[in-house]
Amino acid sequence: MEYREIGQSGIQASAITFGAWAIGGWMWGGADRKQALEAILAAHENGVTTIDTAPVYGMGVSEEIVGEALKTLPRDQVQVLTKCGLRWDIKEGSLHFSLEDGGKMQDVYRYARKESVIQECEDCLRRLGTDYIDLFQLHWPDPTTPIEETMEALLQLQQQGKIRAAGVSNYSVEQMQTAEAVISLASNQVPYSMLLRDIENDLVPYCIENKKALIVYSPLQRGLLTGKIKPGHMFTEGDTRDGNRFYSEENIRRVNTFLDELRPLAADKNASLSQLVIAWTIRQPGITLALVGARNAEQAVQNAKASEVILSDEESALIDKKLSALELSF
């Protein structure tokens with residue numbers, strides 16, 4: 001496993017990071033807590049020392065499962081990344097989205113006032129069962145709160161030793177620059193995959209130049225790049241991939257055709273398509289960590305082994321050539 005510094009924070013993290021969104025269950029059609037715990041422990045045994053979670057992932061469930069794992073793992077050998085700024089328990093700030101959960105509608109708000117961020121940190125520490133968070137990230141920009149106020153809260157938490165480093169998520173270059181007037185950010189967490197590469201236009205060069213980490217989520221495009229989702233796939237109830245623009249019948253067909261062209265290369269590497277895609281992702285310029293989810297121990301082990309897949313410059317160029325010929329229908 002390769003380990004990389006998160007910005008200039010001094011925090012060394014595994015390039016393949018355990019993404020704990022799916023184990024929260026909500027928006028993914030449910031999850032099994034026992035299997036989720038086994039997945040985290042198996043990932044750690046295979047060199048994945050970094051876990052990324054958030055309060056909103058299952059309304060606290062994901063953080064609680066991570067907390068259970070921390071009871072059996074050496075805390076100083078695990079990097080815990082979590083977030084703040086999405087509230088479902090109060091109706092303040094800007095409505096982020098509404099989603100049906102267990103037969104009732106659940107509203108989630110972007111809210112990042114100073115007192116709220118500080119309270120959220122305390123709640124995260126309690127659910128995680130730890131006295132510090134390695135990287136505390138604002139989950140989404142809150143249009144109702146000045147960025148400077150939110151960053152003042154993160155700076156205070158850092159000075160108190162409750163967080164080692166501060167980061168943001170889903171921020172633009174301009175928003176990062178505003179935040180930098182208050183605190184030195186370690187990172188920005190954004191979506192990125194073979195199918196979604198818009199950050200290469202602005203965020204990647206900015207973060208490279210300013211030594212900020214880019215932590216990317218959904219590198220497998222929520223399962224689409226595994227090759228396991230075929231036309232006609234039926235998602236379980238509550239799974240928000242159903243109806244998502246990437247999961248139209250036509251796009252699933254086109255992506256599978258592209259993946260079929262990669263299968264010979266994956267076979268040469270004795271790797272799965274998922275492992276090939278992950279290996280390609282963490283070798284892209286400016287990409288520091290890739291968050292990869294796992295619902296069980298076997299998936300976690302297979303994700304970790306992607307770090308063993310080595311791509312030559314010629315092989316990367318071949319993948320890029322095939323990618324350039326792939327056009328999705330939106």
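User: Leaving aside its neighbours within four places in sequence, which residues is Phe18 in contact with?

Analyst: Some ground rules come before the answer. This is a predicted model, in which local features need pLDDT of at least 70 and side-chain atom pairs count only at pLDDT 80 or more, while totals for chains, interfaces and linings use all residues. Residues are numbered from 1 along each chain as its sequence is written, and side-chain values use heavy atoms, with hydrogens and water left out. Contact means heavy atoms within 4.5 Å. With neighbours within four places in sequence set aside, Phe18 is in contact with Ile23, Ala39, Ile40, Ala43, Val48, Thr50, Ile51, Asp52, Val292 and Ala294.

User: What is a nonpolar core, and which residues have the most contacts inside the largest one?

Analyst: In soluble globular proteins, nonpolar side chains tend to be buried together. A nonpolar core is a set of buried Ala, Val, Leu, Ile, Met, Phe, Trp, Tyr and Cys residues joined through side-chain atoms within 4.5 Å. Buried means under 20% relative accessible area, exposed means over 50%, and partly exposed is in between (1.4 Å probe, protein chains only). The largest core here has 90 residues, and those with the most contacts inside it are Phe18, Phe136, Met151, Leu154, Met194, Ile199 and Leu225. A second, separate core has 12 residues, including Ile11, Leu135, Ile215 and Tyr217.

User: Which way do the residues of strand 3 point, and which strands pair with strand 3?

Analyst: Helices (H or I, at least four residues) and strands (E, at least two) are DSSP runs, numbered from the N terminus. Strand 3 covers residues 16–19; Ile16 and Phe18 point one way, Thr17 and Gly19 the other way, and all are buried. Two strands pair if DSSP finds at least two bridges between them. Strand 3 pairs in the parallel sense with strand 13 (residues 287–293) over 4 bridges, and also in the parallel sense with strand 4 (residues 50–52) over 2 bridges. Gly19 shows both pairings: its bridge partner in strand 13 is Gly293, and in strand 4 Gly19 stands opposite Asp52.

User: How many salt bridges does a search of the whole structure find?

Analyst: A salt bridge is a side-chain nitrogen of Lys or Arg within 4 Å of a carboxyl oxygen of Asp or Glu. The search finds 20. One of them joins Arg33 and Glu64, whose closest N and O atoms are 3.6 Å apart. Arg33 lies in helix 1 (residues 33–45) and Glu64 in helix 2 (residues 61–70), so this pair ties together parts that are 31 residues apart in sequence. Arg33 is partly exposed at 38% relative accessibility, and Glu64 is partly exposed at 32%.

User: Are Asp134 and Arg75 buried or exposed?

Analyst: Asp134 is buried, with a relative accessible area of 1%, and Arg75 counts as buried at 17%. Their side chains meet in a salt bridge of 3.1 Å, N to O. The pair links distant parts of the chain, 59 residues apart: Asp134 is in strand 9 (residues 133–138), and Arg75 is in the loop between helix 2 and strand 5 (79–84).

User: Where do Glu250 and Arg253 lie?

Analyst: Both lie in helix 7, 3 residues apart, which is about one turn of the helix. Glu250 is partly exposed at 28% relative accessibility, and Arg253 is partly exposed at 41%. Elsewhere, salt bridges that share partners join Arg33, Glu64 and Glu68 into one network.

User: What surrounds Asn251 in the way of contacts?

Analyst: Asn251 lies in helix 7, which spans residues 249–268. Asn251 is buried, with a relative accessible area of 0%. Apart from neighbours within four places in sequence, Asn251 is in contact with Arg245, Phe246, Leu328, Ser329 and Phe330.
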